Amino acid sequence: MHIANETRPQVRRDRLLRLPDVEAATGLKKSTIYLLMKRGEFPRCVQLTARCVAWPESRVLQFVQDRIASAGEG
(Lines give C-alpha, C1' and ligand atoms only; values in the text may rest on other atoms or scores of the structure.)
Protein backbone atom coordinates (compact mmCIF):
# COMPACT_ATOMS: atom_id res chain seq x y z
CA MET A 1 0.00 0.00 0.00
CA HIS A 2 1.33 3.43 -0.96
CA ILE A 3 0.73 6.40 1.36
CA ALA A 4 0.66 9.78 -0.38
CA ASN A 5 2.04 11.69 2.61
CA GLU A 6 5.33 9.80 2.42
CA THR A 7 6.06 11.10 -1.07
CA ARG A 8 5.59 14.79 -0.22
CA PRO A 9 8.79 16.68 0.48
CA GLN A 10 9.09 17.79 4.07
CA VAL A 11 8.85 21.54 4.51
CA ARG A 12 10.73 22.92 7.47
CA ARG A 13 8.39 25.07 9.52
CA ASP A 14 9.62 28.43 10.69
CA ARG A 15 7.72 31.30 12.23
CA LEU A 16 8.22 34.92 11.30
CA LEU A 17 8.84 37.24 14.23
CA ARG A 18 7.89 40.90 14.22
CA LEU A 19 10.18 43.48 15.81
CA PRO A 20 8.75 43.37 19.38
CA ASP A 21 9.26 39.59 19.44
CA VAL A 22 12.82 39.95 18.11
CA GLU A 23 13.55 42.57 20.77
CA ALA A 24 12.17 40.26 23.46
CA ALA A 25 14.15 37.26 22.22
CA THR A 26 17.46 39.11 21.94
CA GLY A 27 17.24 41.82 24.59
CA LEU A 28 18.24 44.32 21.90
CA LYS A 29 16.39 47.43 20.84
CA LYS A 30 15.36 48.42 17.32
CA SER A 31 18.31 50.74 16.66
CA THR A 32 20.84 48.09 17.69
CA ILE A 33 19.13 45.37 15.65
CA TYR A 34 19.21 47.53 12.51
CA LEU A 35 22.82 48.60 13.17
CA LEU A 36 23.90 44.96 13.52
CA MET A 37 21.96 44.08 10.35
CA LYS A 38 23.80 46.84 8.48
CA ARG A 39 27.13 45.44 9.71
CA GLY A 40 26.12 41.92 8.68
CA GLU A 41 26.14 40.74 12.30
CA PHE A 42 22.41 40.08 12.65
CA PRO A 43 20.03 38.10 10.43
CA ARG A 44 18.38 40.06 7.63
CA CYS A 45 14.66 40.67 7.84
CA VAL A 46 12.16 39.41 5.29
CA GLN A 47 10.06 42.02 3.49
CA LEU A 48 6.43 40.89 3.83
CA THR A 49 4.75 43.98 2.39
CA ALA A 50 5.86 47.49 1.49
CA ARG A 51 5.71 48.49 5.17
CA CYS A 52 6.03 45.20 7.03
CA VAL A 53 9.12 43.14 7.83
CA ALA A 54 9.76 40.10 10.00
CA TRP A 55 12.65 37.82 10.92
CA PRO A 56 12.75 34.03 10.64
CA GLU A 57 12.57 32.70 14.20
CA SER A 58 15.23 30.05 13.57
CA ARG A 59 17.79 32.69 12.51
CA VAL A 60 17.05 34.93 15.49
CA LEU A 61 17.36 31.99 17.89
CA GLN A 62 20.61 30.92 16.19
CA PHE A 63 21.96 34.46 16.71
CA VAL A 64 21.12 34.21 20.42
CA GLN A 65 22.71 30.76 20.72
CA ASP A 66 25.86 31.95 18.93
CA ARG A 67 26.14 34.88 21.35
CA ILE A 68 25.73 32.56 24.34
CA ALA A 69 28.35 30.19 22.97
CA SER A 70 30.86 32.99 22.30
CA ALA A 71 30.32 34.37 25.82
CA GLY A 72 31.29 30.98 27.24
CA GLU A 73 34.58 30.97 25.31
CA GLY A 74 35.86 34.21 26.82
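Analyst: What follows concerns the aromatic pairs and their setting. The model is predicted, so local features need pLDDT of at least 70 and side-chain atom pairs count only at pLDDT 80 or more, whereas totals for chains, interfaces and linings use all residues. Residues are numbered from 1 along each chain as its sequence is written, and side-chain values use heavy atoms, with hydrogens and water left out.

The structure holds two aromatic pairs, where rings of Phe, Tyr and Trp (its six-membered ring) pair if their centres lie within 6.5 Å, and planes under 30 degrees apart count as stacked, over 60 as edge-to-face and the rest as tilted. In one of them, the ring centres of Tyr 34 and Trp 55 are 6.0 Å apart with the planes at 70°, so this pair is edge-to-face. Because Tyr 34 lies in helix H2 (residues 30–39) and Trp 55 in strand E3 (residues 52–56), the pair ties together parts that are 21 residues apart in sequence. Tyr 34 is partly exposed at 33% relative accessibility, while Trp 55, with a relative accessible area of 0%, is buried; buried means under 20% relative accessible area, exposed over 50%, and partly exposed in between (1.4 Å probe, protein chains only).

Phe 42 and Phe 63 form an edge-to-face pair, 4.6 Å centre to centre with 70° between the planes. This pair links distant parts of the chain, 21 residues apart, with Phe 42 in the loop between H2 and strand E2 (46–49) and Phe 63 in helix H3 (residues 57–73). Both Phe 42 and Phe 63 are buried.

How values were computed. Helix = DSSP H or I, 4+ residues; strand = E, 2+ residues; numbered from the N terminus.
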